[in-house]
Amino acid sequence: MGVTVKEITLWRREIENQPGMLAQVLEPLAGSAADLKVVMAYRYPGDETPGAVELFPIWGKKATTAAEAAGLSRADIPALLVEGSNRAGIGFDTTKAIAAAGINLAFLVAQVIGSKFSAVYGFDSETDRRRAVSLLRKAPRKR
């Protein structure tokens, strides 16, 4: 399997860090049959009260309406979804290529399921995201 690199729009909402808040955000989306690939929820370091939820994808009228009803909106965070075959060292290779180009990562969330990896890379600017696309397509090649 080759590597796919896709520019994505995260949908985001700030929440209070309390039991049930994530379920409350997800409930309208479940009812709309939205098929989410990415769900990130976290509290802010150093302050345990606020947190955030970020999701992808939200598309189509039903999912968009449900997302808006849940208080989500399009985030102004340039991000990429990268998926492909996993191998040892792929995280190092991708982050090294990004760093060598002088690009700072705003965040990285990655996981491996079976033989496949999936990662969401966030950037400080749209320019950095565009520059990272070709780097991420090249970096995961076998050593």
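How many aromatic pairs does the structure hold? It holds one, and that is a handy place to start looking around this predicted model.

## The aromatic pair

The two partners are tyrosine 42 and tyrosine 44. Their ring centres sit 6.2 Å apart and their planes meet at 70 degrees, so the pair counts as edge-to-face; the cut-off for that label is an angle over 60 degrees.

## Strand E2 and its neighbours

Now take a look at strand E2, which covers residues 11–16. It runs antiparallel to strand E4 (residues 50–56), and six bridges join the two.

Glutamate 54 is buried, with a relative accessible area of 3%.

Arginine 12 has another salt bridge, this one with glutamate 14, at 3.3 Å from N to O.

## Other salt bridges

How many salt bridges are there in total? The count comes to nine. Among them is the one between aspartate 93 and arginine 87, where the closest N and O atoms are 2.7 Å apart. Both ends of this one are buried: aspartate 93 has a relative accessible area of 14%, and arginine 87 has 15%.

Salt bridges also link up into a network, made of Glu7, Glu126, Arg129 and Arg130.

## Helix H4 and its bend

Where does helix H4 bend? This helix spans residues 126–138, and the bend of about 30 degrees comes at alanine 132. Alanine 132 is also one of the buried residues of H4, along with Asp128, Arg129, Val133 and Leu136.

An α-helix has 3.6 residues a turn, so residues three or four places apart point the same way. What covers the buried residues of H4 includes strands E1 (4–8), E6 (79–85) and E8 (116–123), plus helix H3 (90–100).

## A closer look at arginine 129

Arginine 129 sits in helix H4 and is part of the salt-bridge network with Glu7, Glu126 and Arg130. Is this arginine buried or exposed? Arginine 129 is buried, with a relative accessible area of 10%.

What does arginine 129 touch, leaving aside its neighbours within four places in sequence? Its contacts are Glu7, Ile8, Pro78, Ala79, Leu80 and Phe123. With alanine 79 there is a polar detail to spot as well: a polar atom of the arginine 129 side chain lies 2.9 Å from the backbone oxygen of alanine 79.

Terms used: Residues numbered from 1 in each chain as written. Predicted model: local features only at pLDDT ≥ 70, side-chain atom pairs only at ≥ 80, totals over all residues. Heavy atoms only, no water. Bend = angle between axes of the 7 residues up to and from the residue. Helix = DSSP H or I, 4+ residues; strand = E, 2+ residues; numbered from the N terminus. Buried < 20%, exposed > 50% of the residue type's maximum accessible area, 1.4 Å probe, protein only. Contact = heavy atoms within 4.5 Å. Phe/Tyr/Trp six-rings, centres within 6.5 Å; stacked < 30°, edge-to-face > 60°. Polar contact = N/O pair within 3.5 Å; in protein donor to acceptor, adjacent residues only side chain to side chain. Pairing = 2+ DSSP bridges. Salt bridge = Lys/Arg side-chain N within 4 Å of Asp/Glu carboxyl O.
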